[in-house]
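Colleague: I've got this model open and I'd like to learn how to read it. Could you take me through it feature by feature?

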Amino acid sequence: MTQTRAYGATSASEPLAPLNIERREPGPRDVKIDILYCGVCHSDLHTARNEWQNTLYPSVPGHEIVGTVTAVGAQVTQFKPGDTVGVGCMVDSCQHCASCAEGEEQYCENGFTGTYNGPMFGGENTWGGYSENIVVDEKFVLRVNHNAEQLAAVAPLLCAGITTYSPLRHWNVGPGKKVGIVGLGGLGHMGVKLAHAMGAHVVLFTTSPGKQEDAKRLGADEVVVSKDQAQMAQHTASFDFILSTVAASHNLDPFLALLKRDGTLCLVGAPEHPHPSPTVFNLILKRRQIAGSLIGGIRETQEMLDFCAKHGIVSDIEMIPIKDINQAYERMLKGDVKYRFVIDMATLD
Ligand SMILES: [Zn+2]
Ligand SMILES: [Zn+2]
């Protein structure tokens, strides 16, 4: 075991503070990574504060990790010291269920192991990226091909990027498709960039008219203020696919009405209280579907990183020193960030 400096919470009511954790020595298939940057995801806050009632303490969040390989086990074939790599939301899965066999480890039927807060169905705690280093099985390490100056802004691709990329790919977003993205936050701004790069006609739905210019800069072809019924009505039954990143409970009917026959509304925001049930007629009359999607598998996460490197896509970020993390959480709750905080891990000492 190696003593590792980290930043985390010791209880739901304590702010995050410096603490020490122990990392395992790299095993034969492990990669040891010095962490350069870690993105700040809303799940980090939910976990640190035990808002999902499953937090193991001490809790060290962070699952948008970019770093440099410093050591590899004897059987590691894909990575060597000096490589620039990423780690996302998972660090292990059973590797033998049907989902794992198909490279969809995020749906592992025996439960994947989160980068922090341990296995989904119980087990020892794991600690995430708010720390100086991490040791990960090479199967869960991603290669980063972006330029050195882009690395901080690459970090959010590991959760926000793949969470939006996977459903856009699954529902075949591309040229000739009209695609809606609901909400312009950490996830939504990635959804707009990715759907635009895939060649779709992208419409951003927002409740804030002030976001129009920024949405267009990010790649939206049109911006619709979702509270404006007249604007919404102009798009009735015209969308192939709508991706909602909104994590607050809201009425889904106004968005379902915008889907074409066989269109899909996919939800990736997880509200604390359920959405009101939509009107079933809205589904029946045009065979519309409501779906959900969870991050992406390791193979697809690599595909996303390569797609982003090729298209020059990164997240829009605000870099912070680790000591500002508690303040960053408060600002994130107010939506006061364009569009993702990233911690410069060099500030951890
Ligand atoms: Zn996340
Ligand atoms: Zn599995």
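This is a predicted model: local features need pLDDT of at least 70, side-chain atom pairs count only at pLDDT 80 or more; totals for chains, interfaces and linings use all residues.

Colleague: Okay, let's begin with the backbone. Which peptide bond is cis, with omega near 0°?

Modeller: The general idea is that most residues other than glycine have a negative phi, and most peptide bonds are trans. Here the bond from Tyr-57 to Pro-58 is cis, with omega near 0°. Pro-58 sits in the loop between α1 (42-48) and β4 (65-72). There's also a cis bond from Lys-338 to Tyr-339, with omega near -15°. Tyr-339 belongs to the loop between α11 (325-333) and β17 (340-344).

Colleague: And phi? Where is Asn-172, with its positive value?

Modeller: Just after α4, where its phi is about 55°. Asn-172 is part of the loop between α4 and β10 (178-182). Exposed means over 50% relative accessible area, so Asn-172 at 54% counts as exposed. Asp-262 has a positive phi as well, near 70°, but this residue lies in strand β14 (residues 259-267). With a relative accessible area of 27%, Asp-262 is partly exposed.

Colleague: You mentioned α4. How many residues of α4 are buried?

Modeller: The cut-off for buried is under 20% relative accessible area. Nine of the eleven residues of α4 are buried, so the helix is largely enclosed by the rest of the structure. The buried ones are Ala-160, Gly-161, Ile-162, Thr-163, Thr-164, Tyr-165, Ser-166, Pro-167 and Leu-168.

Colleague: What do the buried residues of α4 pack against?

Modeller: Their partners are β10, α5, β13 (239-244), β14, α10 (298-311) and β17. Two of those are helices worth a look, α5 and α10.

Colleague: Then take α5. How do I describe two helices that pack together?

Modeller: Look at the angle between them and the distance between their axes. Helix α4 (residues 160-170) and helix α5 (residues 186-197) pack at about 50°, with axes 8 Å apart. Angles of 65 to 115 degrees count as roughly perpendicular, under 35 as roughly parallel and over 145 as roughly antiparallel, and the rest are oblique. So α4 and α5 are oblique to each other. The crossing of α4 past α5 is right-handed.

Colleague: Which residues of α4 and α5 meet?

Modeller: From α4 you have Ala-160, Gly-161, Thr-163, Thr-164, Tyr-165 and Leu-168; from α5, Gly-186, Leu-187, Met-190, Gly-191, Leu-194 and Ala-195. Sorted by class, this contact of α4 with α5 has seven nonpolar residues, five polar and no charged.

Colleague: Now α10. At what angle do α4 and α10 pack?

Modeller: At about 100°, and their axes are 10 Å apart. That's why α4 and α10 are called roughly perpendicular. The α4 side of the contact is Gly-161, Ile-162, Tyr-165, Ser-166 and Arg-169, and the α10 side is Glu-300, Thr-301, Glu-303, Met-304 and Phe-307. In this contact of α4 with α10, four residues are nonpolar, three polar and three charged.

Colleague: What about the nonpolar core? Which residues have the most contacts inside the largest one?

Modeller: A core is a set of buried nonpolar residues joined through side-chain atoms within 4.5 Å. The largest has 92 residues, and the ones with the most contacts inside it are Tyr-130, Leu-168, Ile-325 and Tyr-329.

Colleague: Last one, Phe-341. Is Phe-341 buried or exposed?

Modeller: Buried, at 1% relative accessibility. Phe-341 is in strand β17. Beyond neighbours within four places in sequence, Phe-341 is in contact with residues including Cys-38, Val-40, Ile-320, Ala-328 and Met-332. For an exposed residue, go to Gly-335 in the loop between α11 and β17, where the relative accessible area is 54%.

Technical notes
Residues are numbered from 1 along each chain as its sequence is written. Chains are lettered from A and ligands numbered from 1 in the order in which they are written. Side-chain values use heavy atoms; hydrogens and water are left out. Axes are lines fitted to C-alpha atoms, for helices over the stretch in contact, and angles run from 0 to 180 degrees between N-to-C directions. Helices (H or I, at least four residues) and strands (E, at least two) are DSSP runs, numbered from the N terminus. A crossing is left-handed if the near helix is turned anticlockwise from the far one by less than a right angle, and right-handed if clockwise. Contact means heavy atoms within 4.5 Å. Ala, Val, Leu, Ile, Met, Phe, Trp, Tyr, Cys and Pro count as nonpolar, Asp, Glu, Lys and Arg as charged, and the others, Gly among them, as polar. Buried means under 20% relative accessible area, exposed over 50%, partly exposed in between (1.4 Å probe, protein chains only).
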